[in-house]
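Please find below a colleague's note on the structure shown here. It is arranged as numbered points.

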Amino acid sequence: MEKKVSQHVTWVGKTDWQLTRFHGDEYSTHLGSSYNAYLVRDEKTALIDTVWLPFDKEFVQGLKAQIDLRKIDYIIMNHNEVDHSGALPELMREIPDVPIYCTAKGESIIRGHYHQDWNFVNVKTGDTLSLGKTTLTFFEAPMLHWPDTMFTHLSHDNVLFSNDGFGQHYASESLFDESVEDMNRLLNEAMKYYANILGPFSAMVKRKVAELLGMGLPIDIIAPSHGIIWKKHIDLIVGKYRQWCEDYAENQITIVYDTMWNSTRTMAENIADGIRLADPGITVKLFNAAHSDKNDIITEVFRSKALIVGSPTINNGISFAMEGLMEMIKGLKLKGKCGAAFGSYGWSGESPKLLTAKLEGAGFKILAEGLRAPWVPEENVKTQCREYGIAFVKALA
């Protein structure tokens, strides 16, 4: 069944309901995802992006049901990570001479992936391609989130093909945001996508969004390469992006810890109690790094104005789960956030000092010396932890 996006645009992608992990095992997709590709038919026909490699044959067969492949005049590759370009080799076996429009970096990446000498046409910001009544205009968007990324705007229908920008891992049989019943759930997935994928490049996001808005392009539809297409709530999602790229923080403190025999957990819970005593209006969220989803944790860290991290001391170091999570947090290049560390120990107790150093290395402002407690916390230690939480809130004010 043909899925119309606009007068000239048809969705020809793939909805992946079974997807639970993405980027290897680096990103959790609790709600599945989609690989959105688009067919633009005018006097000339252009294909915007393809789909992930496991669906390459299905994709090409689906295209054949929509159009004689020989009538595709141009292929536009906005970004060439394999979830977008994976079906190119299968498609190019059928139409090997069709030109592929992409950035110079895009050509380099496609060659690096597939080692083929296809007919590449490099484009840069402001270049156009007439399809007849409609025109495609290209905009380089490097590091949103790869060096090759670009956006493509379709005149007349006023569609912005934004690739990873404004996307979410969200599987749905409905193409558009206007059909989504739970908008908060959709926006949470959009924030999770931003925090984990685009967050490290917020400065570039800020510049690109400002550039697009400054050009005054009419945009009636934003068609990303993953998830729901924005039609009714364009101002909402653009507004969210403008907030998220500006050192975003809500009135929330997140506590992330690992624990061996529940001593560090006990410390975490009592620190949280202290925070709530100091300011009941602050949202406090606790996560066990060894059991909670790491991407969901990252989303909450992104959302928070402060992060408190804890680990038992293990072999003069910190736990495996906290080590990995702190490396992820460092890579996000978060700004304007505060932090502190704590941990239990038996005979050495280095973990708060090590975690404090990792927070500093990740750009956090340290508000308190690390708190450490030996063995199983007694009532006086629990009181000390609550006082630590109270003092942290006062230092945060």
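1. Overall architecture. The model under discussion is predicted. Its chain holds 12 helices and 22 strands, and the C-alpha trace spans about 80 × 40 × 35 Å along its principal axes.

2. Burial and contacts. The chain has 397 residues, of which 58% count as buried. Among contacts with a separation of 6 or more, 72% are between residues 24 or more positions apart.

3. In helix 1, residues 56–66, the buried positions are Asp56, Phe59, Val60 and Leu63. These residues lie on the same side of helix 1 because the arc they cover around the axis is only 95 degrees. An α-helix has 3.6 residues a turn, so residues three or four places apart point the same way. Lys57 and Ala65 are exposed on the other side of helix 1.

4. Packing of helix 10 against helix 11. Two packed helices are described by the angle between their axes and the distance between the axes. For helix 10 (residues 320–331) and helix 11 (residues 351–361), the angle is about 20 degrees and the axes are 9 Å apart. Helix 10 is therefore roughly parallel to helix 11, the cut-off for this description being an angle under 35 degrees. The crossing of helix 10 with helix 11 is right-handed.

5. Residues at the helix 10 and helix 11 contact. Helix 10 contributes Met322, Glu323, Met326 and Lys330, while helix 11 contributes Leu355, Lys358, Leu359 and Gly361. By class, this contact comprises four nonpolar, three charged and one polar residue.

6. The loop between strand 13 and strand 14. Most residues other than glycine have a negative phi, and most peptide bonds are trans. Methionine 143, in the loop between strand 13 and strand 14, has a positive phi of about 70 degrees. Its relative accessible area is 23%, so methionine 143 is partly exposed. The peptide bond from leucine 144 to histidine 145 is cis, with omega near 10 degrees; histidine 145 is located in the loop between strand 13 (135–140) and strand 14 (150–154).

7. Phenylalanine 166. Is phenylalanine 166 buried or exposed? With a relative accessibility of 4%, phenylalanine 166 counts as buried. This residue has a positive phi, near 70 degrees, and is found in the loop between strand 15 (159–163) and helix 5 (183–198).

Notes
Residues numbered from 1 in each chain as written. Predicted model: local features only at pLDDT ≥ 70, side-chain atom pairs only at ≥ 80, totals over all residues. Heavy atoms only, no water. Buried < 20%, exposed > 50% of the residue type's maximum accessible area, 1.4 Å probe, protein only. Helix = DSSP H or I, 4+ residues; strand = E, 2+ residues; numbered from the N terminus. Arc of directions from axis to C-beta. Axes fitted to C-alpha atoms, helices over the stretch in contact; angles between N-to-C directions. Parallel < 35°, antiparallel > 145°, perpendicular 65-115°, else oblique. Left-handed = near helix turned anticlockwise from the far one by under 90°. Contact = heavy atoms within 4.5 Å. Nonpolar A, V, L, I, M, F, W, Y, C, P; charged D, E, K, R; others polar.
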